[in-house]
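Me: I am new to this structure. Could you show me how to read it, one feature at a time?

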Amino acid sequence: MKKLFSNLQRADGRRQWLRFALVLPYLWLLLFFLAPFAIILKISLADPLVAQPPFTALLDWAATGWQRIHVTVDNYLFLFQDRYYITIYLSSIKLAAISTLLCLLLGYPVAYFIARQKPRLRNLLLLGIIVPFWISFLLRVYAWIGLLNSHGVINNFLMWSGIIDQPLTLIYNDFAVYVGIVYSYLPFMILPLYANLEKMNLDLQEAAADLGARPWQVFLNVTLPLSIPGIIAGCLLVFIPAIGEFIIPALLGGSDTLMIGRALWDEFFINRDWPVASAVSVVLLMILVIPMMWLQKTQSRAESNANGGAS
Amino acid sequence: MKQRSRGLLTVVAFTYAFLYVPIISVMVYSFNDSRLVTLWGGWSLRWYRSLLDNDAVIEAAMLSLQIAVVSATVAVIFGTLVGLALNRLGRFRGRTLLTGMVTSPLVMPEIITGISLLFLFISLSDWIGWPRTRGATTITIAHITFSMAYVAVVIRSRLSGMDQSLEEAAMDLGGRPLAVFFDITVPAILPAMISGWLLAFTLSLDDVVIASFVSGPGATTLPMLIFSKVRLGVTPDINAIATIIILLVSTGVVAAALVNRGRSNKSVDSE
Amino acid sequence: MDENILAQKDTEDLKYTPWLNPEISPMVQIKSVSKYFGSVCAVDEVSLDVYPGELFTILGGSGSGKTTLLRMLAGFERPTSGSIIIDGVDMTRVPPYERPVNMMFQSYALFPHMTVEQNVAYGLKKSGIDKQEINTRTAEILELVKMGPLAKRKPGALSGGESQRVALARALVKRPRLLLLDEPLAALDRKLREHTQFELMNLQEELGITFMVVTHDQQEAMILSSRIVVMNRGRFEQIGTPGEVYEYPDNRFVADFVGKINLMSAEVVAVESGIVTLYCDEVGAELCAYASHDQTLEPGTQKWIAVRPEKIFISKERPHDDAMTVLKATVNDLGYFGNLSLYRVELTNGRILQVSGQNRVRTSRKTVEWDDEVFISWDIRSAILLEA
């Protein structure tokens, strides 16, 4: 800590005030963002107790003043021995991955289309994507309950128009969760894709066409490869939060829809087993660390490209 | 080319329909006179009227607004400072850590954020006696923490498009660093700060998961209330709340877009 | 320096050469300044004195360190070592907002949310000057740069030339002792550039402020400056008037950087009464040049002989003048520019030289055509002798 402050002081006077002002948010983040993770880790290594708080303390003060460090990896062992949790993690990853793919398949054409329109229409279309993004996540997921219900809008319509006789089970299953995730995260996929496609130099596509490439070849050889950074950003922005999604499986998923977010909630509120809940969180974090670091790398690369080099 | 355009157009049209049908359906059903979603009972405002008598809803809404305003304001201040620091200060000790801390909340599953903050508050309560009860304060703290990350992103993206020599020019003319910040930098990033505020406000107003974890007895936010109700299925008065929020948000977003377009048009026209 | 060629300057009239006047002390003193970014050296122990009223240009390519030097003068970078003294005061550690120095930025850096007037008045406001005086001085300077009628406009509504004048006004209104200009003409199109060049010079003479300009454009440097420093890889190659730098380059870099030149490597054969005879393998003949400075003139030393294209004459008949070097050549290429013609001539052993000449006679027929056999010649005094 001391080194941090002395480094701030030795800096050139130009942005001194900023360095000092930065201390407050920095400390805030250390306390309210970083410290909690340390605590989760600690609790994940404790035993459950019927007490408040419901876990054993890390350090034990015996009467003689000795410290004992009470650590157990039981919780982690429990996670990995019980097939249940492994299944849930894998199921979450699977659901998130498929949803991301669906988002990409739907989002890419839309982003591509918007990017090729004239500015006026383009802004209007973008607005159309952004408005749902600002409307409450919860409410948008809720809206699907009314649509997918056995007596909801979709089933009503299908039965009324004679296409089906019995209502389809569209809700409380994996299908509804896919719909929910794709619906909620679509803007997160479209916006980075659009940003990438919009900046793309149209001359490149024209040059390829001039050299004899057919439209699908232009797309495959020029447009698609160049849009890969946008694809990666969009996919990560959907995949990472989707794995830990809670609201969508809670409202639209069935009892056999296994997602780690819901399992975590249940473990916490229903079983009141905080150490296991913590262990589940830590493992989830470890699964997410690599994609998160990947995302950060692509973000910082994009920013340094935008800032340009030295003159 | 033409053939592909038709296919593309279909996908795009489908996607927009996909985005808006649920929203419109909720809005339409908020005027449904019947209690049952399946039956259409005619147009009615009864659910809106019932909201006015519903104390729990109104109380929750007030609490949510309060928390949203406070957390958005603090988040903007912190987020701007962090965004500025990351964009302008170059390399400094602790930069990597700061970058990590401020980009992680963007993708961190809310459940983890919620649990970890709850544990923090409990531990703090044990060690230093604060916070004694969880409620509006703890929710606000949580919201500030993750909103700050979003604000920082918005600010950073605005700053990266800004001519750095503006601040140097101001200093060259005799402006001291703090004066330069208020004279030059703030006006330049003000639109971004406002968007950041609105973003933080919306995120706070929308948060269910984190609030559920860090809240306490007596502090129920509007989203928490809505969530507990809708777990049981569709309820008509939720449709009414939803419609109100949808209308407010849409108006706000469209208005903001028009303002932005007006501003950028002005400088383009006069060229 | 070769006094024989240059017309003797009137030594009493030191108004235009303050650096020769022992009674005037320098406005800017750069003393052994270096700047390292990490382990990369941007500026390598340079020293320079700039005198009041000069329009001094720092000329260099990209990566030469010229911008870094300018920023150190402005106060945006701090020298790793050495000191910078402005108007007698050590400013090395003084921040930019406390220096009597103002800068015109390459991008103009006009504050987009303020009007032209407010932009110009900004510096005065920060000095705490009273409102009345601010208004007067602002109006004055805007008149000077002919931007009076556009005072209420915002930068977004200005053209390139207009923006530049506002940037200039803003930098001048505080009457700085030193005005720094970063590539002032780079963003302008050709016509505007020429016009602005003269405007800048007139402005400077009228206000008497010391200007220091950074540019990569050597034509600009030649027209604007009282003196130039040619900078390369962090070091100063030569300091001198445009004439000195152009006609008397100190080394090959300067000779090649400023203007076009023919460079030939040669070996010293003999030295006699100030004239050096060298054998040039490329040309296949003996060339003569006057010795300059204190160069090693041992027979066998490698040297370079340089001659500017405009110093070479081209003719169909062989000139008979002992004071000239004459060579046979064939015209390989020619470019007609109307006012002048550029020739690329091939000597008997294949070496190609550039020759340029004014078209003094009014005729639409070319006097010299492709593949013509010609004689090229230059006065021995035109040959520059440079170290290898």
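Reply: Let us start with one pair of strands. In chain C, strand β16 (residues 324–336) and strand β19 (residues 373–379) run antiparallel and are joined by seven bridges. Keep in mind that this is a predicted model.

Me: What holds such strands side by side in general?

Reply: Strands of a sheet pair through backbone hydrogen bonds, and the pairing is either parallel or antiparallel.

Me: Which residue of β19(C) is the bridge partner of C:Lys328?

Reply: C:Phe375 is the partner of C:Lys328.

Me: What is the strand order of the open sheet that holds β19 and β16 of chain C?

Reply: The order is β15-β19-β16-β17-β18, in chain C. That makes five strands with antiparallel pairing. To find the edges, look for strands that pair on one side only; here they are β15 (313–315) and β18 of chain C. From one strand to the next, the twist averages 45°.

Me: How many bridges join β17 and β18 of chain C?

Reply: Seven bridges, in the antiparallel sense. Strand β17 covers residues 340–347 of chain C, and strand β18 covers residues 352–358.

Me: How should I think about side chains along a strand?

Reply: In a regular strand the side chains alternate between the two faces of the sheet.

Me: Which strand pairs with β20(C) over four bridges?

Reply: Strand β14 (residues 302–307) of chain C does, in the antiparallel sense. Within this region, C:Ile305 stands opposite C:Leu385 in β20(C).

Me: Let me step back. How is chain C divided into domains?

Reply: The domain assignment gives domain 1 (14–100 + 176–256) and domain 2 (261–387). Note that domain 1 is written as two segments. Taken over C-alpha atoms, the centres of domain 1 and domain 2 of chain C are separated by 33 Å. Their contact takes five residues from domain 1 and seven residues from domain 2. On the domain 1 side, two are nonpolar, one is polar and two are charged.

Me: How many helices and strands does chain B have?

Reply: Chain B has 11 helices and zero strands. Its C-alpha trace spans about 70 × 70 × 35 Å along the principal axes. Of its 271 residues, 45% count as buried. Next, look at sequence separation. Among contacts in chain B between residues at least 6 apart, 75% join residues at least 24 apart.

Me: What does chain A contain?

Reply: Chain A has 14 helices and two strands. Buried residues make up 41% of its 311 residues. Among its contacts with a separation of 6 or more, 68% come from residues 24 or more positions apart.

Me: How do I read a single helix?

Reply: Start with the general idea. An α-helix has 3.6 residues a turn, so residues three or four places apart point the same way. Now take helix α11 (residues 228–243) of chain A, with 16 residues. From first C-alpha to last it reaches 22 Å, close to the 22 Å expected.

Me: Is α11(A) mostly covered or mostly uncovered?

Reply: Mostly covered: 12 of its 16 residues are buried. Among them are A:Gly230, A:Cys235, A:Phe239 and A:Ile243.

Me: How many residues are in contact between chain B and chain A?

Reply: 72 residues of chain B are in contact with 80 residues of chain A. On the chain B side, α1(B) gives the most, with 13 residues. By class, that side has 50 nonpolar, 14 polar and eight charged residues.

Me: And which residues link chain C to chain B?

Reply: Here 19 residues of chain C are in contact with 18 residues of chain B. The elements of chain C giving two or more residues are β6 (101–104) and α2 (116–126). The largest share, three residues, comes from α2(C). The chain C side divides into 10 nonpolar, six polar and three charged residues.

Conventions: Residues numbered from 1 in each chain as written. Chains lettered and ligands numbered in written order. Contact = placed C-beta atoms within 7 Å. Nonpolar A, V, L, I, M, F, W, Y, C, P; charged D, E, K, R; others polar. Buried ≥ 20, exposed ≤ 12 C-beta atoms within 10 Å, placed from the backbone. Expected span 1.5 Å × (residues − 1). Pairing = 2+ DSSP bridges. Domains from an automatic or database assignment. Axes fitted to C-alpha atoms, helices over the stretch in contact; angles between N-to-C directions.
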